[in-house]
Amino acid sequence: MKLKIIFCFAVILSVLNVKAQKIEWFSSTNESRWLQEKKIKIESRQSGVDYDIEISDEKAQYFDGFGGCFNEMGWDALMAINETERNKIINDLFSPSGANFNYNRMPMGASDYGLNFYSFNDVADDFDMINFNINRDRYILIPYIKAAQKTNPNFRIWGSPWSPPAWMKTNNHYSSNIYENEPTLNGLSRRNILELPTTGFKMQRGYLEAYALYFVKYIQEYAKEGLKIEAVHIQNEPCSNHKFPSCTWRPEDMAYFIGEFLGPKFEAEGINAEIYFGTINRDNPNYTRAALDDSKASKYIKGVGFQWDGKYAIPTIHKEYPHLKLMQTESECGNGENNWASAEYTWGLISHYLRNGANTYAYWNMVLDHTGRSTWGWVQNTLISINKETKQVVYNPEYYIMKHVSHYVMPGAYRLKTSEGENHLAFQNPDGKIIIIVVNKDNSDKNVTIGIKDKTISLNLKAKSFNTFAINN
């Protein structure tokens, strides 16, 4: 009799264990990161009961993926450590076993985290692009990108310029503004500051044709390196005249370039990379509408990319132009805090953009040295910091909030509609698995109930925690 009781108890435990294994739960706090949790209570759903979070079967937008931006200063930091450590970081960022970054950004030429100013053709008035080359990228960005590509079979990449070649700009300089305290630091004179809302590109036929060819050659040369450029965004932050590489554009002028030159050139050359109106950092939807309502440009524009103040425009654009793809193109970078509050802020951005139709989400600097300082002085956040002298590697809190979403949400997933609230998101992966992300910003533990299909999930969230649940069919 005793043996029968023991056997029955073992069977019950086995059944309960199988049931528990249907939900995988990982949590992170500032003290304990990426821990597997097991205390989950699953019950049949009861009618007439209000749950803290309701997960619907109704699908919202299709999701293409998460990523970050490749920059020269990131690769410079990675090269300061040994190959084993470097490969571990690459794996932790891009591999499906890590953060699974699968749709990533790169600059076309210099950026504010490039080592200095450059473009793919710095020979003035070379309208036929005879001197176009990506030789510099072969030593810095391409090794970085290929190391990432090797770890992820779903790897995709898109590009955007921070500045056209300086000779194509009205002020003949990569920068658009000066440093007030050090007015000669970037070599731009005060009289050559670009004025908003003017266009800093030379809107003359020769330059417009040359710039369209510049984009074509960029895509073709990268293809020769085994790297397919999936999409291009015309200009990084066209609404700001920055002290670093930049170029202001009136939306009508950018639309004119797309409709009359870039789109037709892509057609003529058989280029299938998508053209995005991006990366827009303007809060007023009218800036974006000006291009989307242009009959010639709109036939070529497949999507819009938003960053920074663009977050205020995305709800309107998503509602008015539901057929367009939308990207969040650069997560806001902070000021080098690299703390838990930064991660909570980034979560707020992720939640906002994805609830308003974004199909991709890109972090900014994935790796920097421990100072986080750009060549022009701004100290910014990063996912992973490397001390080039001591070789110490630190995974900052923002790495974990990105991983809590990007590790589980696969390309081709759909966001699921949920009850109101900014601190949860839900997705259904192509294999049917349900992914739920819940963030507890409170300073105390919180009991939460989740209603999904015919089940109720009850659990206790740790104070100040990120939580991801993967539910198998």
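Colleague: What do the buried residues of helix 7 pack against?

Modeller: They pack against helix 6 (205-224), strand 8 (229-233), strand 9 (274-280), helix 8 (285-292), helix 9 (295-298) and strand 10 (301-307), where contact means heavy atoms within 4.5 Å and buried means under 20% relative accessible area with a 1.4 Å probe, protein chains only. Helices (H or I, at least four residues) and strands (E, at least two) are DSSP runs, numbered from the N terminus. This is a predicted model, in which local features need pLDDT of at least 70 and side-chain atom pairs count only at pLDDT 80 or more, while totals for chains, interfaces and linings use all residues. Residues are numbered from 1 along each chain as its sequence is written, and side-chain values use heavy atoms, with hydrogens and water left out.

Colleague: Where does helix 7 bend?

Modeller: At isoleucine 258, by about 40°, taken as the angle between axes fitted to the seven residues ending there and the seven starting there. Ile258 is itself buried, as are Phe257 and Gly259, among others in helix 7.

Colleague: And what follows helix 7?

Modeller: Glycine 270, with a positive phi near 70°.

Colleague: Switching to cavities, which residues line the largest cavity?

Modeller: Its lining is made up of Ile55, Ser56, Asp57, Leu416, Gln428, Ile434, Ile452 and Lys453, each with an atom within 4 Å of a point of the cavity, which is a set of points on a 1 Å grid over the protein atoms alone where a 1.4 Å probe fits but cannot get out.

Colleague: Which strand gives the most to that lining?

Modeller: Strand 4 (residues 53-63), with three residues.

Key: On a 1 Å grid over the protein atoms alone, a cavity is a set of points where a 1.4 Å probe fits but cannot get out, and a pocket is an open set with protein on both sides within 12 Å along at least five of seven lines; lining residues have an atom within 4 Å of a point. Buried means under 20% relative accessible area, exposed over 50%, partly exposed in between (1.4 Å probe, protein chains only).
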